[in-house]
Amino acid sequence: MACKRGALIVLEGVDRAGKTTQCAKLVQALQQSGRPAEMMRFPDRSTTIGQLISSYLEKKSELEDHTVHLLFSANRWELVPLMKKKLEQGTTLVVDRYAFSGVAFTSAKPGFSLDWCKNPDVGLPKPDLVMFLQLSPAEAALRGQFGEERYETSVFQRAVQQKFEQLMKDPSVNWQVIDASQTVENVHEDITTHSLNAINTAHNVPLGELWK
Ligand code: 2DT
């Protein structure tokens with residue numbers, strides 16, 4: 001019998017919502033229950049394209065806005081063959097940010113439409129589940145200061161949140177909103193429940209194409 005494919009699970013959310021912590025906890029829980037799982041994150045700063053992006057985010061270099069948007073997308077496409085291989089082998093991928101961050105962040109800049117921003121990512125492997133870790137700006141502020149990287153200001157983050165809200169209206173994507181103001185353990189429990197459902201469903205349906 002052919003092996004059952006893994007699920008593609010994405011965590012999105014505003015700054016300090018706990019995405020990275022929750023991705024790591026989910027991967028650990030899945031592995032401990034005997035389900036092969038691996039974590040990925042975008043941008044993947046380890047590739048040549050990822051290094052250009054990283055230097056831009058650290059404000060060590062300037063890049064034109066359209067250009068950097070396309071680099072973020074290219075950084076996802078360059079990982080697609082590996083992602084598909086792992087999913088086919090039965091490994092569930094838990095991904096910290098994906099095309100939704102790509103669209104939300106660029107379209108929060110003046111002069112960028114949602115449609116233009118989505119285009120380069122059309123046809124990427126479609127996540128079986130996208131969880132949005134919801135946290136109000138006031139609650140995020142209680143978790144500490146913004147970092148030093150580009151985009152880490154409250155004005156820009158509010159614009160990004162609005163763009164995520166627009167993207168979440170799209171019923172072709174399996175969005176689940178998670179209340180990230182709960183304890184780490186309770187957030188983890190919610191995320192695990194949704195993920196196990198997605199993994200079971202993914203066994204019976206082929207991997208889709210995003211926004212197509
Ligand atoms: P972290 O490495 O701390 O998650 O920050 N971003 C991300 C984009 O502008 N476009 C994208 O396609 C992606 C994946 C979000 C990465 C920063 O880069 C932004 C925050």
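C3 is partly exposed, at 47% relative accessibility; that class lies between buried, under 20% relative accessible area, and exposed, over 50% (1.4 Å probe, protein chains only). C23, at 0%, is buried. The disulfide count is zero, where a disulfide is a pair of cysteine sulfur atoms within 2.5 Å. The model is predicted: local features need pLDDT of at least 70, side-chain atom pairs count only at pLDDT 80 or more, and totals for chains, interfaces and linings use all residues. Residues are numbered from 1 along each chain as its sequence is written, and side-chain values use heavy atoms, with hydrogens and water left out.

Start with the ligand. Its surroundings are R41, F42, P43, R45, L57, F72, R76, R97, S101, G102, F105 and Y151, each with a heavy atom within 4 Å of it. For R76, the distance is 2.8 Å. For R45, it is 3.0 Å. Alone, the ligand exposes 470 Å², and the protein buries 89% of that area. These areas come from the Shrake-Rupley method with a 1.4 Å probe; for residues, only the protein chains shown count as cover.

The peptide bond from F42 to P43 is cis, with omega near 0 degrees. P43 sits in the loop between β2 (37-41) and α2. Helices (H or I, at least four residues) and strands (E, at least two) are DSSP runs, numbered from the N terminus. Y151 has a positive phi, near 80 degrees, and is not a glycine. Its place is the loop between α7 (137-142) and α8 (154-167). Y151 is buried, at 13% relative accessibility. Most residues other than glycine have a negative phi, and most peptide bonds are trans.

L57, another ligand neighbour, belongs to helix α2 (residues 48-57), where G50, I53, S54, Y56 and L57 are buried. Viewed down the axis of α2, the buried residues fall within an arc of 160 degrees, so they line one face of the helix. The arc is taken from the directions from the helix axis to the C-beta atoms. The buried residues of α2 pack against α3 (65-77), with contact meaning heavy atoms within 4.5 Å. After α2 comes K59, whose phi is positive, near 60 degrees.

Which side chains does D121 reach by polar contact? They are S73, at 2.9 Å, and R76, at 3.0 Å. A polar contact is a pair of N or O atoms within 3.5 Å; within protein, one must be able to donate a hydrogen and the other to accept it, and residues adjacent in sequence count only if both atoms are side-chain atoms. D121 is in the loop between α6 (114-118) and β4 (125-126) and is buried, at 0% relative accessibility. Beyond four places in sequence, its contacts include W77, A99, L210 and W211.

D96 lies in strand β3 (residues 92-96). Its relative accessible area is 1%, so D96 is buried. The side chain of D96 makes polar contacts with those of T20, at 2.7 Å, and R41, at 3.4 Å. R41 is also one of the residues around the ligand.
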